[in-house]
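Here are my notes on this model. Please keep the structure open while you read them.

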Amino acid sequence: MHAGIRYTIIKNAYYCKRCAHTIESTHRRDYKECPCGAVGIDGGLDSGATLSGNPADMETRCVYMATVNGQVQYLDEHTLQISAHPPATPATQ
Ligand SMILES: [Zn+2]
């Protein structure tokens, strides 16, 4: 059952490859920019969160929460990309 899984973003953060800083926006009007100015984020955990800068300069550090069969699981972006192509989900009772 994959259809019932919903992901909720719990951390809106990005890493700037140019200055090696991670910035995090925690609420809607919380605009953050890295020290070198290459990457900026806004919007916190709202679905309308905005990102400014060159995608090549940044890496996501967002964290998502999913409730799977009543169990809360925390996932980072990398894990989400893996699970987008589920090879074999662990057998659940
Ligand atoms: Zn930077």
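1. In which sense do S1 and strand S7 pair, and over how many bridges? They run antiparallel, and four bridges join S1 to S7 (residues 63–68). Strands here are DSSP runs (E, at least two residues), numbered from the N terminus. Two strands pair if DSSP finds at least two bridges between them.

2. A word on the source. This is a predicted model: local features need pLDDT of at least 70, side-chain atom pairs count only at pLDDT 80 or more, and totals for chains, interfaces and linings use all residues. Residues are numbered from 1 along each chain as its sequence is written.

3. S7 also pairs with strand S8 (residues 71–76), antiparallel, over six bridges. Ala66 has Gln73 in S8 as its bridge partner. Two residues lie between the strands of this hairpin, and Asn69 takes a positive phi near 50° there.

4. Turn to the open sheet of three strands. Its order is S3-S4-S5, with antiparallel pairing. Strands S3 (32–33) and S5 (50–53) stand at the edges with a single partner strand each, so one side of each has no neighbour in the sheet. S4 and S5 share four bridges. Gly40 stands opposite Ser52 in S5.

5. Now the core. The largest nonpolar core has seven residues: Tyr14, Cys16, Ile23, Cys34, Val39, Ile41 and Met58. Such a core is a set of buried Ala, Val, Leu, Ile, Met, Phe, Trp, Tyr and Cys residues joined through C-beta atoms within 7 Å. Buried means that 20 or more other C-beta atoms, placed from the backbone, lie within 10 Å of the residue's own.

Technical notes: Buried ≥ 20, exposed ≤ 12 C-beta atoms within 10 Å, placed from the backbone.
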